[in-house]
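Me: I have a structure open and I am new to it. Could you take me through how to read some of its features?

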Amino acid sequence: MIRSSNLVWRHIMINDHTHWATQQFGKSDLGDPRRTARLVRLASTLANEPGKPLVNITQSPADMEGAYRFIRNEHIDANAIAESGFQATVEQAHSHNLLLALEDTTTLVYKHPSIRDDLGHVGRGKKQRGLLAHSVLLFAPGAKQVVGLIEQSRWSRDINTIGKREKHATTPYKEKEGYKWESASRAMAERLQEQMTNVISVCDREADIYEYLQYKLTEQQRFVVRSMQSRHIEEGEEKLYAFASELMSAGTKQIHIAQKGGRKARSATLDITYAPVTLKVPYNKTGQSLPIYYVGCTERGNTESDLSWHLLTSERVISKEDALAIITYYEHRWLVEEYHKVWKSDGTDIESLRLQSQENMERLVTINGFIATRILQLKFANEQPDSPSCEQLLSPKAWKLLWLKRVKTPLPEIAPNMSWAYQELAKLGGWKDTKRTGRASVNVLWQGWLKLQAILEGYDLAKSLESDL
């Protein structure tokens, strides 16, 4: 049963940092309630001023020493910290009847000598050192809401395994990095239980692995995966892409391609195709053929463009509307890439950490992983095309104080929309929109949010003093 909209709003609204930290980590099982209390205080401190070193944001020497003792405590497992945050996401997931599990892998690169020599390689040579992380972000397309982080794994490669890819074909599936996709789905299913039937995994081309697709179909888990290769299919004697090129167009879709680097902004018309297909078992694999649906989205008639998506899905696609829904699901995959950007540099800036061991670093990286989700929720407010009421983001008191601070005219009877809140928060943080993009940076947007929190605290303090007089 879907909860009332008022309850959903409470989940969407970005709470003050203390309440947020309690909600995320207050139920952590760290072996000692004092450790849980310290985790909540540390997460609250970091969330209040994300991206800044602890030495600059702890309120006293005692707080700083307590924070560093927590980070250095070898009895505290980073995975136990994460599990509490995942369970907070599970609680919010029950408010939605359709969820997209947006997945991606990123590298965390560290150059500081205090830690880099303890880390594995993340590039083709030995110079780049760091961790790899695979994240799964839940997104509710109906509510247009970033729900939270439901899974995240981190690992370090052995520096002596450079060139191991040459032995890729003979390495068992579960020992390959590609197993991360199935491993993430297993972890999600264990946490979400029956709610997993409402989840569609959305993955890029790296997930186009026969064993992974086989697992998803066997477990009746839903997915949209972008195809990496033109696989052999049972329909005719052609391979997948040749078969797809001969499909009748089911219609078109207009998209806007944003300006990026030297690329000019432009509009593109894409042909939509779809069909049921059966993927044959690869010659070097064992198993059964996989019955799925294919959805194509290709710009035809433009010889200079390679814009083309070949999507494989477990969802039943028998109409143009079904195909467009699959394409829309895949279009949201950029959010997990944006999440990694917020986590690594633009928001919590974890790649600048200078700690003495990988274990210490992972504890702080894990906490910041959930703070990055909180920041992304704020940033996504401007990406909602129908721009609902800003009370999905701000409390009535918060948006009214923001109005009086920025607009300085009598309050409207109806709350302004989400786009207004985004613009005014960004301006409060110093945004000028000099590039005329309409999009503020994470840092500027978050600065506006922090200033609004200070205004709210000042207002509540004034009211408290007034009642005492």
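Me: Is D349 buried, partly exposed or exposed, and what is the reason for that label?

Reply: A residue is called buried under 20% relative accessible area and exposed over 50%, with partly exposed in between. D349 has a relative accessibility of 26%, so D349 counts as partly exposed. Keep in mind that this is a predicted model. D349 sits in the loop between α12 (334–346) and α13.

Me: What is there to say about phi of D349?

Reply: Most residues other than glycine have a negative phi. D349 is not a glycine, yet its phi is positive, at about 55 degrees.

Me: Which value does phi take in K144, and where is K144 found?

Reply: Phi of K144 is positive as well, near 55 degrees, and K144 is not a glycine either. K144 belongs to the loop between β3 (129–140) and β4 (145–155). With a relative accessible area of 22%, K144 is partly exposed.

Me: How many helices and strands does the chain have?

Reply: There are 16 helices and ten strands in the chain. Of its 469 residues, 53% are buried. Among contacts with a separation of 6 or more, 64% are between residues 24 or more positions apart.

Me: How do I read the packing of two helices?

Reply: Two packed helices are described by the angle between their axes and the distance between the axes. Take helix α6 (residues 78–93) and α13: their axes are 9 Å apart and the packing angle is about 10 degrees. An angle under 35 degrees counts as roughly parallel, so α6 is roughly parallel to α13.

Me: Which residues of α6 and α13 meet?

Reply: From α6 they are A78, I81, A82, G85 and F86, and from α13 they are E362, R363, T366, I367 and F370. Sorted by class, the contact of α6 with α13 has six nonpolar, two polar and two charged residues.

Me: At what angle do α5 and α13 cross?

Reply: The axes of α5 and α13 cross at roughly 110 degrees and come within 7 Å. Angles of 65 to 115 degrees count as roughly perpendicular, and α5 and α13 are therefore roughly perpendicular to each other. On the α5 side, the contact is made by F70, I71 and R72; on the α13 side, by N360, R363, L364 and I367. By class, the contact of α5 with α13 has four nonpolar, one polar and two charged residues.

Me: Where does F70 lie, and what is F70 in contact with?

Reply: F70 lies in helix α5 (residues 61–72). Its relative accessibility is 4%, so F70 counts as buried. Neighbours within four places in sequence aside, F70 is in contact with L30, R35, R38, L39, L42, I76, I81, R363 and I367. One of these, L42, is 28 residues from F70 along the chain, and the C-alpha atoms of F70 and L42 are separated by 8.7 Å.

Me: What does E424 touch?

Reply: Not counting residues up to four places away in sequence, E424 touches L402 and R406. E424 lies in helix α15 (residues 418–428), and E424 counts as buried, at 9% relative accessibility.

Me: How do I tell which way one side of a helix points?

Reply: An α-helix has 3.6 residues a turn, so residues three or four places apart point the same way. In α2, the residues H17, W20, A21, Q24 and F25 are buried. Around the axis they cover an arc of only 100 degrees, which puts them on the same side of α2.

Me: How many aromatic pairs are there, and how is one read?

Reply: Rings pair if their centres lie within 6.5 Å, and planes over 60 degrees apart make the pair edge-to-face. The count comes to eight aromatic pairs. One of them is W20 with F25, which is edge-to-face, at 6.0 Å centre to centre and 85 degrees between the planes. W20 counts as buried at 6% relative accessibility, and F25 counts as buried at 0%.

Me: How are the rings of F25 and F370 placed?

Reply: Their centres are 5.7 Å apart and their planes are at 90 degrees, so the pair of F25 and F370 is edge-to-face. This pair links distant parts of the chain, since F25 is in helix α2 (residues 17–25) and F370 is in helix α13 (residues 358–379), 345 residues apart. F25 and F370 are both buried. Ring pairs link W20, F25, F86 and F370 into a cluster.

Technical notes. Residues are numbered from 1 along each chain as its sequence is written. This is a predicted model: local features need pLDDT of at least 70, side-chain atom pairs count only at pLDDT 80 or more; totals for chains, interfaces and linings use all residues. Side-chain values use heavy atoms; hydrogens and water are left out. Rings of Phe, Tyr and Trp (its six-membered ring) pair if their centres lie within 6.5 Å; planes under 30 degrees apart count as stacked, over 60 as edge-to-face and the rest as tilted. Buried means under 20% relative accessible area, exposed over 50%, partly exposed in between (1.4 Å probe, protein chains only). Helices (H or I, at least four residues) and strands (E, at least two) are DSSP runs, numbered from the N terminus. Axes are lines fitted to C-alpha atoms, for helices over the stretch in contact, and angles run from 0 to 180 degrees between N-to-C directions. Angles under 35 degrees count as roughly parallel, over 145 as roughly antiparallel, 65 to 115 as roughly perpendicular and the rest as oblique. Contact means heavy atoms within 4.5 Å. Ala, Val, Leu, Ile, Met, Phe, Trp, Tyr, Cys and Pro count as nonpolar, Asp, Glu, Lys and Arg as charged, and the others, Gly among them, as polar. The arc is that of the directions from the helix axis to the C-beta atoms.
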